[in-house]
Amino acid sequence: MADFPRITSVEADIIELPTIRPHKLSMTTMMSQTMVIIKITSDDGIIGWGEATTIGGMTYGPESPEAMKLTIERYISPLLSGKDASNINALMLDINKNVKGSTFAKAGIETALLDALGKRLNVSVSQLLGGAVRIELPVLWTLASGNTEKDIEEAQYLISINRHDTFKLKIGSNEPKKDVAHVVAIKKALGENIKITVDINQAWDEFTAKTWIKVLQENGVDLIEQPIIKTNFDGLARLTEFFHVPIMADEAVATTEDAMKLAKIHGGSVFAVKIMKAGGLYNSAKIAAIADAADIALYGGTMLEGTIGSVASAHVFSTFNKLQWGTELFGPLLLTDDIVTNPMVFKDRQLSVPNSPGLGIEIDTDKLNHFKRK
Ligand code: MUC
Ligand code: MG
C-alpha cells in the first residue's frame, strides 16, 4: 500500500424502489424512485457509499439517472483512479475543473468520499464537517396522493402516531382555484396546531402567485415554497417583500452562486438547501453560511433520496448554526423497501442523525442487487 489510500474503483448502479403510493407533484406523478448508488473502493480496503438522485426522470432537475451514471463512469472515475482517497478538497477541485454542472453526480461522489474518510478516521460524517450542533432533526411529511380526502386521512394517521406535525402540500398541477381549495380544506381539517407548507414547484407566474398566495396567507398557511419559475429571482424578492407569510426559494437556490445572488436581493426569507442541487455537503454548508449572513432562514430539503442520500443530508444539516424550518428528510419513508440493514430512525417528529463512523449505514448487498436495474 502507498503512503496514502489510493482509489481503486468507482462504481455506479441504478436502483429502483417503488413508492408506497403515487406521489403527485406539479410536473409529474412518481410511482417509484430511481437512485444512482455509488461505491468507491480504495486499496486500504475501505468502501465509501454515495447516492445521486433526482425526481421524476428529467421533469425536475437537469440530470437524468442515466446521465449521472454515465458522467461518473466516463468522466469522474478516471479523475479519481489511483488518487489519494483522503484528500476530498483536492479531488473535488479536480472534478469541478474537469466536469461542468453535474451537481447531482458530484454530490453522490463527495458523499462516498466522506463516508470512506469517516470510516478510515473512525468519525462520523458530521464530525468530519466540524461536528453536529443537533443530533435530532425535525422532519415533516409531504401529502401528495392527489386526493384531498386521502391526504387528510393520511395526515390524521401520522398525527395520531406522533410521527409528524407539519405537512407539505404539493400543488400547481391544477387550476389555482382548485389547488388552493384543496390546501384550505386540509388546513381546516387538521386544525390550528398543525403546520401546513405549500410547494408550487414553479407552476405559477408572478401575477398568479400574487393573487393566490394572498388567499393561502389569509387561511393560515405557514410557508410558501418556490411559487414561480426558478429564474425569476427579482420576482421572488418582490413576493418576499409583499407577503407576510415566508416565501422559500427551492429550485432557485441550487448553487452557492445562486445563494449569493438571492441573498443580495433578499429573494426568499427561507432557503431550501439540498445536497444534490448544491453539488455536495461542503457546498450545502457554504449556502447555509451565506443564508446566515443575510439573515435568511434555513430548511433542510430533499430530492426524495433513499437512505444514503437522506443520511448524508442529515449529517450536514446537523452542523448548520441554524435550521429554523427543520427538514423534509422523509425520503426513505416514501419507499416500500430499503437497501440498508439499519434504516433511519424516525420518532416523535424527529429523525436521528447516526453517530457511527462515516455515514453510519450498512449496505444490504442482496437488496442492492435485487433492486438494481437489469
Ligand atoms: C421539492 O421540490 O421540494 C421534496 C419533498 C417532496 O415531496 O418533493 C420534494 C421536491
Ligand atoms: Mg420544493
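Predicted model: local features only at pLDDT ≥ 70, side-chain atom pairs only at ≥ 80, totals over all residues.
**Entry 1: β4 and its neighbours**

I found three bridges between β4 and β13, and the two strands run antiparallel.

A reminder to myself: strands of a sheet pair through backbone hydrogen bonds, either parallel or antiparallel.

I moved on to β2, which covers residues 29–42. How many of its 14 residues are buried? I got 10, so I wrote the strand down as mostly covered.

On one side I looked at β1, residues 7–24. It pairs with β2 in the antiparallel sense, over 13 bridges. A hairpin of four residues joins β1 to β2. The bridge partner of S9 is T41 in β2.

Then I turned to β3, residues 47–53, which is joined to β2 by seven bridges and runs antiparallel to it. Here K39 stands opposite W49 in β3. β2 and β3 also form a hairpin, again with four residues between them. I checked the turn and found that G45 has a positive phi of about 85°. One general point to keep in mind while looking at side chains here: in a regular strand they alternate between the two faces of the sheet.

**Entry 2: S77**

I looked up S77 and found it in helix α1, which spans residues 65–80. Is S77 buried or exposed? It counts as buried, because its relative accessibility is 16% and the cut-off for buried is under 20%. Leaving out residues up to four places away in sequence, S77 touches V10 and I72.

**Entry 3: α5 against α6**

Next came the pair of helices α5 (residues 148–160) and α6 (residues 176–190). Their axes come within 10 Å and cross at roughly 30°. I noted the crossing as right-handed.

Which residues meet there? From α5 I listed T148, D151, I152, A155, Q156 and I159. From α6 the list is H182, A185, I186, A189 and L190. By type, the residues of this contact divide into seven nonpolar, three polar and one charged.

V215 sits in helix α7, residues 206–218. I put it down as partly exposed, because its relative accessibility is 25%. I then looked at V215 together with V184: they are 31 residues apart in sequence, yet 8.9 Å apart in space, C-alpha to C-alpha.

I went on to helix α8, residues 233–242, to ask which of its residues are buried. They are F233, G235, L236, A237, L239 and T240. What covers these buried residues includes α7, β9 (247–249) and α9 (256–265). That brings me back to α7, the helix that holds V215.

**Entry 4: the whole chain**

Last, I stepped back to the protein chain, which has 13 helices and 13 strands. Why do I call it as compact as a globular protein of its length? Its radius of gyration is 20 Å, close to the 21 Å that the globule rule gives for 374 residues. Along its principal axes the C-alpha trace spans about 65 × 40 × 35 Å.

Buried residues make up 57% of the 374 residues. I also looked at contacts between residues at least 6 apart in sequence, and 72% of these join residues at least 24 apart.

Conventions. Residues numbered from 1 in each chain as written. Chains lettered and ligands numbered in written order. Heavy atoms only, no water. Pairing = 2+ DSSP bridges. Buried < 20%, exposed > 50% of the residue type's maximum accessible area, 1.4 Å probe, protein only. Contact = heavy atoms within 4.5 Å. Axes fitted to C-alpha atoms, helices over the stretch in contact; angles between N-to-C directions. Left-handed = near helix turned anticlockwise from the far one by under 90°. Nonpolar A, V, L, I, M, F, W, Y, C, P; charged D, E, K, R; others polar. Rg over C-alpha atoms; globule rule 2.2 N^0.38 Å.
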